Amino acid sequence: MSNYHIKHLEEYYQVYRKSIREPENFWEEIAEEHFMWRKKWDKVLSWDFSKPEVKWFEGAKLNITENCIDRHLATRGDKTAILFEPNNPSEEAEHITYYQLYKRVNQFANVLKEQGIKKGDRVCIYLPMIPELAISVLACARIGAIHSVVFAGFSAIALSTRINDSDCNMVITSDGSYRGTKTIDLKGIVDEALESCDGVHTVLVAKRTNSDITMKDGRDHWLTPLLDAASVDCKAEIMDAEDPLFILYTSGSTGKPKGMVHTTAGYMVYTAYTFKNVFQYKEDDIYWCTADIGWITGHSYIVYGPLANGSTTVMFEGVPSYPDFGRFWEIIDKHKINQFYTAPTAIRALAKEGVGLVEKHDLSSLKVLGSVGEPINEEAWHWYNDNIGKKKSPIVDTWWQTETGGIMITPIPFVTPTKPTYATLPFPGIQPALMDENGQEITGNQVDGRLCIKFPWPSMARTIWGNHQRYKDTYFSAFKNQYFTGDGALRDEVGYYRITGRVDDVIIVSGHNLGTAPIEDAVNEHPAVAESAIVGFPHDIKGNALYGYVILKETGKGRDQNNLKMEINQIITEQIGPIAKLDKIQFTSGLPKTRSGKIMRRILRKIACKETDNLGDTSTLLNPEVVQEIMDHSL
Ligand code: PRX
């Protein structure tokens, strides 16, 4: 018997030990007992981190939607699968049962087929948080098409880069989207993006805002009439365990975004198993993750993990501040939410508004609180624990990444004693290692180092779309035979992990991963900019914010600085999206560089963080005099 549901601490340790000693037996038992297979695997695991190549459940045949939908119909057909809460609180919430979801996914899948989409084709989904988003994701999976969801806050240029990188031939979007009081012209953004995407032959458009949009003849189709005409039966495509399920882009410290490729069986098993345990989901619970499906958190813990467990998962279209900062608490009260999963940046923003708005609502349904996306600081942890959980709902501080597919280091609620700011213990099957700068593993407790994972787990990304070498270079080259996370961590006296933050040039702003290089590229596009360097600095709400040091060309020097700053942020918004805007821009005559011409970001970071007491040795710089100038004018 597998230990699918861990209920106390000794059991955790026992399960964990088994998962390390006999990983294949461990995962095989879980896969065997809790999922629906068309054919079982020939081999549980084969792996070689030097290539790197990892295969789980090779030879198995399945369709993930049969696991997320069909197999629940007999016992949960009338249970709500997706509970949609609209942006506007006076619009009625929509309960989509498992049976309705089955029909809607099948209809959508038939529409995809009619439009020429086949197994293995890439479909870009650029939708707001409306039911069509989850349904189109599942419809792709139903027919074996690879979905590539692009967060609907990304700009036209960011969207077209992603469409072209993975050669998508269809885009699914909506006329517009609602975000609080704003209506956003999504279709207009798609139209602009597609000017540079020759491969896209079809655009399917969901109606949401009734905005006045242009439909291009022969390319664009309204979804509703197509869905209405489609059959509610669609046989699931039988997929190999290692067939790609989706591509999801994440920023790297350099270069264009990386299309992380996740495959079918391992991803399903791991997200389902983690969901069950990390949220201690029980049959009639209502679970709500506030992330957007445009990020990995939404893929794994709004769609696949919850549905694989036959859960009720909430999709919220709006923002935490509309109609006021009490919206989250109002929704928890209204739908009697049992598990609530959000990001530290949201907690900090809501904490700032005071407890008055919290106290207006009954939060007594809550059992488990989750946090994800960035380190949760002590103050935010206590505010969440005291005011939302009323000290009775454990906080699961879940550490993981787009690349890991599922939660890796986390407490199990009611099982693992929590400790503020600590993600605590590795989930069964996860073997973390802390490495020193010389590539040696640091053993023992009360140590810190670079966080690696030394053994494969089922939901790890298998490659970067179209660039396996980059996958190897980014994750498997820094430390031999280890997956390198890019994060630093420390391990305390009892073996709990605390994530200390990125050790590369990725900055997490409001829980969003931003690579500095692509933003610098955007800044440098401004005709008056000669060069730029971007670093992070601590921000009360966002966790980190961006600080740009910019050298102007001669032509820019006489210009109004505020206008220049606005224009620079405008270019960033166009190239990437508003999330990447710079909070501070300092114009400078130079940037500190090594003799080989490398920008010394360490110094810039310290100045941005106002930690100028110990800048380290600056005498080896090519231009040490510039450091004083930058300090004198720092913002
Ligand atoms: O630095 C870590 C941080 O977010 C990074 C991964 O970002 P992304 O791929 O966008 O996925 C976010 C959602 C899973 C990590 O490398 N991070 C994520 N969760 C935590 C965290 N840092 C500290 N504590 C966490 N709980």
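**Ligand shell**

My classes: Ala, Val, Leu, Ile, Met, Phe, Trp, Tyr, Cys and Pro are nonpolar, Asp, Glu, Lys and Arg are charged, and the others, Gly among them, are polar. This is a predicted model, where local features need pLDDT of at least 70, side-chain atom pairs count only at pLDDT 80 or more, and totals for chains, interfaces and linings use all residues. I number residues from 1 along each chain as its sequence is written, and side-chain values use heavy atoms, with hydrogens and water left out.

A side-chain N or O atom of Asp 397 sits 2.7 Å from a ligand nitrogen. A backbone N or O atom of Gly 373 is 3.1 Å from a nitrogen of the ligand. For Arg 502, a side-chain N or O atom lies 2.8 Å from a ligand oxygen. I then checked burial: the ligand alone exposes 550 Å², and the protein buries 95% of that (Shrake-Rupley areas, 1.4 Å probe). Helices (H or I, at least four residues) and strands (E, at least two) are DSSP runs, numbered from the N terminus.

**Second largest pocket**

I put the second largest pocket at about 330 Å³. On a 1 Å grid over the protein atoms alone, a pocket is an open set of points with protein on both sides within 12 Å along at least five of seven lines; a cavity is a set where a 1.4 Å probe fits but cannot get out; lining residues have an atom within 4 Å of a point.

The pocket has 19 lining residues, with Gly 255, Pro 257, Pro 518, Gln 575 and Ile 576 nearest its centre. Nine are nonpolar, six polar and four charged. Helix H7 (156-165), strand E28 (512-515) and helix H17 (516-524) each supply at least two.

**Cavities**

How many cavities of 30 Å³ or more does the whole structure hold? I found two. Arg 162 and Trp 295 are among the residues lining the second largest cavity, which divide into seven nonpolar, one polar and one charged.

Technical notes
Points joined across faces, edges and corners; volume = space filled by probe spheres on them. Polar contact = N/O pair within 3.5 Å; in protein donor to acceptor, adjacent residues only side chain to side chain.
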